[in-house]
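Here's a quick briefing to read with the model open in your viewer. Have a look around first, then come back for the details.

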Amino acid sequence: MKVTARATYAQIAEQAGVSEATVSRVLNGDEKVHPDRAARVLEVVEKLGYRKNRAATALASGRTGLIAIVIDDDLSVFSDPFWATVSSGISRVLLENELQTLLMVAPMSSPDSAVAHYLEGGEVDGVIFFQLHKHALVKRLAKQGLPVVIAGSPNSNSDLIYADTDNFGGGAQATRHLLQAGCKNIATITGDTEASAGRQRLEGYLQAHREVGKVANKALTAHGDYSFESGKEQMAKLLAAHPEIDGLFAANDLMALGAIIAIEEAGRTVPDNVRVVGFDDSVMAQTSRPPLTTIRQDIVGLGAAVAELMIALLTGKEVEPRILPTELVIRESA
């Protein structure tokens, strides 16, 4: 197969009848170039199929055009469709701004990990962190001047920039719905409570109980890992120990659907014996049997918000954390 050589500034300049410096100014967005000259350059660029050389651009500008997305976990996170959906929101906004994403999945327990060394090596223009448990590396990178955005509220008070869903409000909404439906013994299966989302959803569950003058039974709290299997396993254990359970708030849809299987295997039905509410409003929630009552979060919008914050940091704008609202979606499971 014949390989076509990459067009050069010299070739573009010759055909457009301008200097190479003018070509460079046009391709780098200099609006001071005379419109006629700019039009000739762009016409030749289109004709020759010119594409910027990323390496050369990085050398000239100090920018790589890459934004790292770091998930503080292992590859098992991809059993949850949340990650693909939120990543699509990030990528759409970054691509619109001519930025590419580099996905990295690894536990960030050590601030001196291989991922940490890579991020500090000048290979990326910014970093988006997900499911973050510890903040030592984040603070170090920010101190070094690398733009950093966290998807999810930081675990401690800080000046870190983040976007998040109203996880606390969503957990409270879900539990209130079960209480208002007449449930007396509401269990919950949490996500990772070392990360902000899992902890805040559990806090919302506890708050809804306090609002009606009740103290949630600690024995009805089980800890899952957002997987279908953990929802099924934890629900089976809860029912075996506490057959009086008549409601469940699961911290995501996958665990809720796993719990429904465990409820049915225990000889009970949803919602007649146990009402179930999930969190996310994934496609599976809409197509399950019975259809799942859940807390809708704008997952694509969360990704877009994170990416917009990153663009703002890269362009030197003032930014504030963003919290996206949730919505209760009532279906047949509760």
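Leaving aside neighbours within four places in sequence, which residues is Ile263 in contact with? They are Met235, Leu239, Arg268, Thr269, Val270, Val274 and Val276, where contact means heavy atoms within 4.5 Å.

Before going on, keep in mind that this is a predicted model: local features need pLDDT of at least 70, side-chain atom pairs count only at pLDDT 80 or more, and totals for chains, interfaces and linings use all residues. Residues are numbered from 1 along each chain as its sequence is written, and side-chain values use heavy atoms, with hydrogens and water left out.

**Overall picture**

- The protein has 13 helices and 12 strands; helices (H or I, at least four residues) and strands (E, at least two) are DSSP runs, numbered from the N terminus.
- Of the 334 residues in the protein, 50% are buried (buried is under 20% relative accessible area, exposed is over 50%, and partly exposed is in between, with a 1.4 Å probe and protein chains only).
- Take the contacts in the protein with a separation of 6 or more: 70% of them come from residues 24 or more positions apart.
- The average pLDDT (the predictor's confidence in each residue, from 0 to 100) is 86, and 88% of the residues score at least 70.
- Watch residues 1-6, where the pLDDT is below 50; beyond near neighbours in sequence, that stretch has 4 contacts in the model.

**Helix pairs**

- Helix 2 (residues 20-27) and helix 3 (residues 35-48) pack at about 85°, with their axes 10 Å apart. Axes here are lines fitted to C-alpha atoms, for helices over the stretch in contact, and angles run from 0 to 180 degrees between N-to-C directions.
- That makes helix 2 and helix 3 roughly perpendicular to each other (under 35 degrees counts as roughly parallel, over 145 as roughly antiparallel, 65 to 115 as roughly perpendicular, and the rest as oblique).
- On the helix 2 side, Val23, Val26 and Leu27 meet Ala38, Val41, Leu42 and Val45 of helix 3.
- By class, this contact of helix 2 with helix 3 has 7 nonpolar, no polar and no charged residues. For the classes, Ala, Val, Leu, Ile, Met, Phe, Trp, Tyr, Cys and Pro count as nonpolar, Asp, Glu, Lys and Arg as charged, and the others, Gly among them, as polar.
- Helix 8 (residues 167-180) and helix 9 (residues 196-211) have axes that come within 7 Å and cross at roughly 40°, so helix 8 and helix 9 are oblique to each other.
- The contact of helix 8 with helix 9 has 6 nonpolar, 7 polar and 4 charged residues by class.

**Buried spots worth a click**

- Ile263 is in helix 11 (residues 253-265) and counts as buried at 0% relative accessibility.
- Lys232 is 31 residues from Ile263 in sequence, and the two sit 8.4 Å apart, C-alpha to C-alpha.
- Ile128, in strand 3 (residues 126-130), is also buried, with 0% relative accessibility.
- Not counting residues up to four places away in sequence, Ile128 touches Ile67, Ala68, Ile69, Val70, Ile90, Val149, Val306 and Met310.
- One of those, Val70, is 58 residues from Ile128 along the chain, with 6.1 Å between the C-alpha atoms.
- Ser230 lies in helix 10 (residues 228-241) and is buried, with a relative accessible area of 8%. Setting aside residues up to four places away in sequence, Ser230 touches Gly224, Asp225 and Met255.

- Most residues other than glycine have a negative phi, and most peptide bonds are trans.
- Glu98 has a positive phi of about 60° although it is not a glycine. It's in the loop between helix 5 (82-96) and strand 2 (100-105), and it's exposed at a relative accessible area of 68%.
- Asp280 also has a positive phi, near 135°, but this residue lies in strand 9 and is buried at 6% relative accessibility.
- The peptide bond from Val270 to Pro271 is cis, with omega near 10°; Pro271 is in the loop between helix 11 and strand 9 (275-280).
- Another cis peptide bond joins Arg289 and Pro290, with omega about 0°. You'll find Pro290 in the loop between helix 12 (283-287) and strand 10 (293-297).
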